[in-house]
Amino acid sequence: MSTLSEAILGAPAGEYVDREVDIAFAHDGTGVLAREALREMGVERLPHPERLRLVFDHIVPANTGTTATLQAELREYAGVSGIALSDAGGGICHQVMGEGVVRPGMVVVGADSHTCTLGAFGAFATGVGATDMAAIWASGETWFRVPETIAVNLSGRLSGAAEPKDVALAYVAELGMEGATYRALEFVGDGAAGISMDGRLTLSNMAVETGAKTGMFYADAVTVRYLADYGVTASPQAPEDCRYERTVEIDLDDIVPLVAVPHRVDTVREAEEVAGTHLDQVFVGTCTNGRYEDLARFARIVRGKKVAVRTLVFPASRSVLARAIATGVLADIVDAGCVVGSPGCGPCLGAHAGVIGEGEVCLSTANRNFKNRMGVGGEIYLSSVATAAASAITGVITVPEVV
Ligand SMILES: CC(C)[C@H](C(=O)O)[C@@H](O)C(=O)O
Ligand code: SF4
């Protein structure tokens, strides 16, 4: 009996397989490097441009002339080679690929470590380096070592102010930053069914923070309904009675608001323990927590109030932004005094908008709080959207109330 990775890759754990990829994507950072590597390989024609995507999301709109020129060259290359391009403002690659492109059972590679996000659809989705991506552009295929699988068994239901991000921080803390290296995670159990697609994407997104290649959910009625909204027909996947290397048990009823403290993602405390920590900036967004449900939850908490600290909100994609406009969520966010940025990675990697200064402290809904990531000498705490919203209103880390 197979795990989901074994079923999709068609071989037992530990074996090496060559597989055609269904979707391969790169962004403005790694796309430039892949293009360069392809030039060095002397490859002229791409055999399967229809499988490839470029998504400009990391430094958009461009921050310097050099960046703008690199993006212009890559944009031109996309045009001549037939690679579909999502340009500045379209959104973060993992979100854009999740809006009807990736389907259950696909083999998906992205030149970005958080490609594991798309495992939420029951796809085998994993990150590759830019040189590997160039080879995939040149051939349409790549090799994989079929990973062993660690199950994260979810039972119960989330309650109070706890949300999927808190579950993600809980399993990262439990496994540790190297605890699942080269493994796949499978999120299974009765509790998984009660988690929305946006919530599943948050859970799968952080798989790589444990070293895992991917973090997968079995496609079910929730997946099928979500994809139908994008005009995609999909079928549920039936879990088999397989052998996992290890099972981590998480009772959703026990999950409370959590915070990862500087500078490791797996150093996690209850929000209550760090309550009162001074903040200079709150950042809501990223491929972890910039989806519509996240913005809606944030708006519900800040509605009719004013933020007490610089608060940046970057929607994960244009369609997230459009929906937030249509439903009034964005107006609530703007009225509360937040800065709204264009869809993309925004301040997440400290490359442009929203860089923090020396000694400044940011509470972020992202997935990484490594030293100097958002600015040299800054400190990053990671939390859920609800914790970020409650903290934006007070200016210090604050345990969210149930809303
Ligand atoms: C820039 C890119 C290669 C990087 C990644 O792969 O993760 C970025 O997205 C990040 O989150 O640090
Ligand atoms: S939002 Fe952050 S973590 Fe996600 S792809 Fe962009 S830079 Fe990486």
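Author: What follows is one walk from a strand to its neighbours, and then to the ligands.

This is a predicted model, in which local features need pLDDT of at least 70, side-chain atom pairs count only at pLDDT 80 or more, and totals for chains, interfaces and linings use all residues. Residues are numbered from 1 along each chain as its sequence is written, while chains are lettered from A and ligands numbered from 1 in the order in which they are written.

Begin with strand β2, residues 23-27. Strands (E, at least two residues) and helices (H or I, at least four) are DSSP runs, numbered from the N terminus. Five of the five residues of β2 are buried, so the strand is largely enclosed by the rest of the structure. Buried means that 20 or more other C-beta atoms, placed from the backbone, lie within 10 Å of the residue's own; 12 or fewer means exposed, and partly exposed is in between. Ile 23, Phe 25 and His 27 point one way from β2, and Ala 24 and Ala 26 point the other way.

β2 has strand partners (two strands pair if DSSP finds at least two bridges between them). One of these is β3, residues 52-55, which pairs with β2 in the parallel sense over four bridges. In that pairing, Phe 25 has Arg 53 as its bridge partner. Helix α2, residues 28-41, belongs with these two strands: β2, α2 and β3 make a right-handed β-α-β unit. Right-handed here means that, with the strands pointing away from the viewer, the path from the first strand over the helix to the second runs clockwise.

Another partner of β2 is β5, residues 107-110, which runs parallel to β2 and is joined to it by three bridges. Val 108 of β5 is the bridge partner of Ile 23, and Gly 110 of β5 stands opposite Phe 25. The residues of β5 are buried too: Val 107 and Val 109 point one way, Val 108 and Gly 110 the other. β5 is also joined to β6, residues 124-127, by four bridges, and these two strands run parallel. There, Val 108 has Ala 125 as its bridge partner.

Now to the ligands, whose shells hold residues with a C-beta atom, placed from the backbone, within 6 Å. Around ligand 1 are Gly 29, Thr 30, His 58, Asp 112, Ser 113, His 114 and Leu 349. They divide into one nonpolar, five polar and one charged. Nonpolar covers Ala, Val, Leu, Ile, Met, Phe, Trp, Tyr, Cys and Pro, charged covers Asp, Glu, Lys and Arg, and the others, Gly among them, count as polar.

The shell of ligand 2 includes His 58, Ile 92, Asp 112, His 114, Thr 286 and Asn 367, and also Cys 287, Cys 345 and Cys 348. This shell divides into six nonpolar, four polar and one charged. At least three of its residues come from each of domain 1 (1-255) and domain 2 (259-394), with bounds taken from an automatic or database domain assignment.

An unreviewed UniProt entry places a "binding site" at Cys 287, Cys 345 and Cys 348. The three span 62 residues in sequence, yet no two of their C-alpha atoms are more than 9.4 Å apart, so they gather at one spot. Such annotations may be inferred rather than shown by experiment. Cys 287 has its place in helix α11, residues 286-289, and is buried, with 29 other C-beta atoms within 10 Å.
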